[in-house]
Amino acid sequence: MGAKILIVEDEEQLARFVELELVHEGYEVKTEGSGRAALREATENQYDLVLLDIMLPELNGLEVLRRLMNERPTPVILLTARDAVMDKVSGLDAGAVDYITKPFAIEELLARIRVALKLHGPGIGGGQAAKTEKTEGVRTWGPLVLDEPKRRVTVSGHEITLTNREFLLLMTLLDNVDIVLSRDTLLEKVCGYEYVGETNVIDVYVRYLRSKIDDVFSLRMIQTVRGVGYVIKSWEE
Ligand code: CA
């Protein structure tokens with residue numbers, strides 16, 4: 001069965017058009033036209049991806065996104081109006097994996113959906129994930145536990161507060177233990193594909209993670225591989 005996608009769009013014609021295209025591609029699709037209904041639907045059911053319009057009646061898309069990330073983190077692609085730069089930035093900061101500007105070509109939307117599902121969908125990390133102990137979205141590395149469903153990280157039981165991007169970066173590295181990931185790969189996973197901005201942003205997030213985890217707990221978790229990228233090596237006592 002195809003991935004399960006929720007379309008949240010109040011413009012009926014557009015919603016219907018996208019729905020037909022996605023069904024045609026083999027996805028399992030549901031559509032909601034208001035923010036409130038969408039939030040209820042997406043928190044009560046597990047979707048592989050949510051296409052979320054920002055301008056919505058009742059509860060706007062950014063608010064839906066924030067609440068969804070707290071209650072049931074799900075990959076989200078935002079549908080934004082042209083020139084709504086602040087919406088895009090706030091959306092990515094709030095945890096969206098990508099955005100697409102309206103009006104869009106359906107082929108572009110389909111391509112972004114495929115990328116989002118590949119990077120963030122079920123089975124992220126693929127076969128490599130088996131290298132970390134993984135129980136229902138929980139990764140452990142020595143004293144560190146990353147609980148994806150609860151979006152929670154603890155070290156020896158102490159909770160660490162991470163931003164969405166720090167969390168994603170740490171999770172991506174933990175899903176690829178002993179595999180060196182390039183800054184480009186990490187950038188794509190953490191900031192979404194077609195991210196435009198500072199390319200050293202990954203270095204900045206690594207620094208934040210080190211100051212929140214390594215420095216506090218005397219660990220050496222994320223290692224720099226000069227000229228290549230970063231890696232978390234298997235935990236050794
Ligand atoms: Ca709208």
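Reply: A residue counts as buried when its relative accessible area is under 20%, and as exposed when that value is over 50%. Please keep in mind that this is a predicted model.

Me: Which residues of helix 6 are buried?

Reply: The buried residues of helix 6 are Asn164, Arg165, Glu166, Phe167, Leu168, Leu169, Leu170, Met171, Thr172, Leu173 and Leu174. Since these make up 11 of the 11 residues in the helix, which spans residues 164–174, helix 6 is largely enclosed by the rest of the structure.

Me: How should I read the sheet, and what is the order of its strands?

Reply: In general, the strands of a sheet pair through backbone hydrogen bonds, and the pairing is either parallel or antiparallel. Here five strands form an open sheet in the order 2-1-3-4-5, and their pairing is parallel. Strand 2 (28–32) and strand 5 (98–102) are the edge strands, each of them pairing on one side only, and the twist from one strand to the next averages 20°.

Me: Which residue of strand 3 stands opposite Ile5?

Reply: That residue is Leu49; strand 1 (residues 4–8) and strand 3 (residues 49–53) pair in the parallel sense over four bridges.

Me: Turning to the surface, is Met86 buried or exposed?

Reply: Met86, which is found in helix 4 (residues 85–93), has a relative accessible area of 58% and is therefore exposed. Together with Val85 and Val89, Met86 forms a nonpolar patch on the surface, with about 280 Å² of accessible area for the three residues together.

Conventions
Residues numbered from 1 in each chain as written. Predicted model: local features only at pLDDT ≥ 70, side-chain atom pairs only at ≥ 80, totals over all residues. Heavy atoms only, no water. Buried < 20%, exposed > 50% of the residue type's maximum accessible area, 1.4 Å probe, protein only. Helix = DSSP H or I, 4+ residues; strand = E, 2+ residues; numbered from the N terminus. Pairing = 2+ DSSP bridges. Axes fitted to C-alpha atoms, helices over the stretch in contact; angles between N-to-C directions. Patch = residues over 30% accessible without salt bridge, like charges linked within 9 Å, V, L, I, M, F, W, Y side chains within 5 Å. Areas by Shrake-Rupley, 256 points an atom, 1.4 Å probe, with all protein chains shown as cover. Salt bridge = Lys/Arg side-chain N within 4 Å of Asp/Glu carboxyl O.
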